[in-house]
Amino acid sequence: MKNATPRRTASHTLDLEHADLLAKVKLFAGLDRVTVAKLAAHLESVPVPGGRELFRQGDPADAFYLVARGAFGAFVTAEGDPTERRVNTLAAGDPFGEMGLLSDHPRAATIRADTDAEVLRLERARFLALVREEPSVALAVAASLGDRLRARDLLATGAAAPSAPPLRPIALPVRKRRLNDAALGGILGAAILVLGWSVGPPAGLAPAGWHALVSLVALVPLLALDSLPEGILALLLAAVWVLGGVASPGAALSGFSAEAWVLLVSVLAVGAAIASSGLLYRLALWTVAHSRGGFVGQVSALSVAGVLLGPTAPNATARVTLVAPAIGELIEALGYAPRSRPAAGLAMAALIGFGQMAAPFLTSSTTAVLVYAVLPPGGSIELNWLSWAALAAPTNLLLLFGLVASIVWLYRPRHPADAKGAQQPGVVRLQRKLLGRPTRNERISFGVGAGLLLGFVTQPIHGVHPAWVAVLAFVAMGATRVITLNTLRAVNWSFALLFGMLASMSRVFTDTGVDKWIAGSVSGLVGGLAVTPVAFVAALTLLCFAVSFALRWQAAAPLITIALAPVAGAAGIHPFVVGLIALIACNGFFLPYQSTTYLAMFHGSGGNVFTHAQARPAAIAYGVVALVALCASVVAWRAMGLL
């Protein structure tokens, strides 16, 4: 019989009729509905004409199959005897090819269609990617494999069937740690610390302030080269400050008593519970089912949705923390491979909309509110919520349009495999049917999540800080058993430790005088350019980029505003211009450690949606587009009377 590879159809041919099949398959009986729905996104429908071989005994094993309709025969030949013997008949609902997912051995039998048939195919690489997140898939396949081996031994009469190869541990793709880079980061960090500690402080800065600044700079290569987990580095920095006499333990750990840290931890736990309930996956499927325009439409929708949600949930890091788990679910629903070009692009679109666009409205971020609070009076133009939105509109529209265009261009699907998720109405309908009606945990998650957002929006009315609103949501989900010990184990505590240390920096820098020293240095460098608006805007933007490498955005933006707003005002530039530039330009993420919103997106999405290297083009695009948008806004600012 001639061996011919069947023509594979696109996975969008899966439709509602496959839902009943998948629901009845014994292999999937132990899997929860969300896992089965995720699995459906990776199945290909393959038609096989009668008499056609799907694969032959001895072929490389590269996939798992499930009979959707028709019948197949399994045939084996003994060593030295070319005569085929039928050892099994496979009907609708029967799985086969499991060995291809559990070992690298060749096929143990030839599979041939008895009639016109159809199979659902799961590539081995797709399976391994799924099993990293859903180990129950591997357990179910292993159990089914044992049953099938016993059945095959009973059916194989006459000549002995070839013995099953021994199972070997699944070789999951694991990112290898680059020891050389890690060691280099440690060496550079130690060298910077020792050298800086042995050199006297610059004029105007106390020794304690100099040592605080040096220890932060020494941390940069350790973070950039992933020498140690972020949480360990965060506590190491606190130890250096305390043991080196830079700060007291209370000051070095002050960020962990801040309401912002309580807010972050509570939102992380609530977000993990909502994600595990299946609600985010259901919402992601709804978004996919109603999206238009393919990848361009998906990027635009995520970015614009983030901008519009900003005023209602002012904490940018909390917004990203809430949406990050949904990005992984959305990519699953679309069928994009983790760390593929379009998967990284959708993550960057969400980061831009929910995190980086932090200044379109006065309440788009808590940092914008802080900058507003430190702005000096600016003449006849009164700043309020509406006037802020109007004055910031030209810059933010240019920024948003430029960033969306950049993401589409940088991350657009360029190969057929990348474009798999562009249009899948059939498979999305299938997944939604497999999910069924919302469960109790989903309903509770939806109610608590809606209440959490409502509490954020109505803060001006009730006056309760968002941190305690989030704590109440946390307690409510714990009382209803939606949050369990397993949920708390899923929280990224390494990131929580890093955030706490970043929140401590402002206290340490204030106590040691670093903030005033930086402000004075900045004022002297840029103040002379204020007489030329375009030059001033460009220089201030570049300066903000540089300062953001040492100071986090939440501290750098108000510091620069305090230092330069009076200088700009004396030269006829409205202080609002300085504040807006600082908010946008200090919010870069050229290196991962710079931005808590970027880290929230990376870790909140599980760390496997995109890599730091994939995010770098978007980070560079943010810097370029921000510089161009700010300089181009000079014309509009002049027309508005800001210059």
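Predicted model: local features only at pLDDT ≥ 70, side-chain atom pairs only at ≥ 80, totals over all residues.
Residues are numbered from 1 along each chain as its sequence is written, and side-chain values use heavy atoms, with hydrogens and water left out.

**Exercise 1. Describe how helix H26 packs against helix H28.**

Step 1. Find the helices (DSSP runs of H or I, at least four residues, numbered from the N terminus; strands are runs of E, at least two). H26 covers 575–585 and H28 covers residues 612–640.

Step 2. Take the angle, which runs from 0 to 180 degrees between N-to-C directions of axes fitted to C-alpha atoms, for helices over the stretch in contact. For H26 and H28 the angle is about 165°, and their axes are 11 Å apart.

Step 3. Classify the pair: under 35 degrees is roughly parallel, over 145 roughly antiparallel, 65 to 115 roughly perpendicular and the rest oblique. H26 and H28 are therefore roughly antiparallel.

Step 4. List the residues in contact (heavy atoms within 4.5 Å). H26 brings Val577, Leu580, Ile581 and Ile584, and H28 brings Tyr622, Ala626, Leu630 and Trp637.

**Exercise 2. Is asparagine 587 buried or exposed, and what is it in contact with?**

Step 1. Apply the cut-offs: buried means under 20% relative accessible area, exposed over 50%, partly exposed in between (1.4 Å probe, protein chains only). Asparagine 587 is at 1% relative accessibility, so it counts as buried.

Step 2. Leave aside neighbours within four places in sequence; asparagine 587 then is in contact with Gly355, Gln356, Ala358, Trp553 and Tyr622.

**Exercise 3. Which strands pair with strand E4?**

Step 1. Start with E4 itself, residues 72–77: 5 of its 6 residues are buried, so this strand is largely enclosed by the rest of the structure.

Step 2. Look for partners; two strands pair if DSSP finds at least two bridges between them. E4 is joined to E5 (residues 84–90) by 6 bridges, running antiparallel. E4 also pairs with E7 (residues 110–113), antiparallel over 4 bridges.

Step 3. Pick out residues: valine 76 stands opposite arginine 85 in E5, and glycine 73 has arginine 112 of E7 as its bridge partner.
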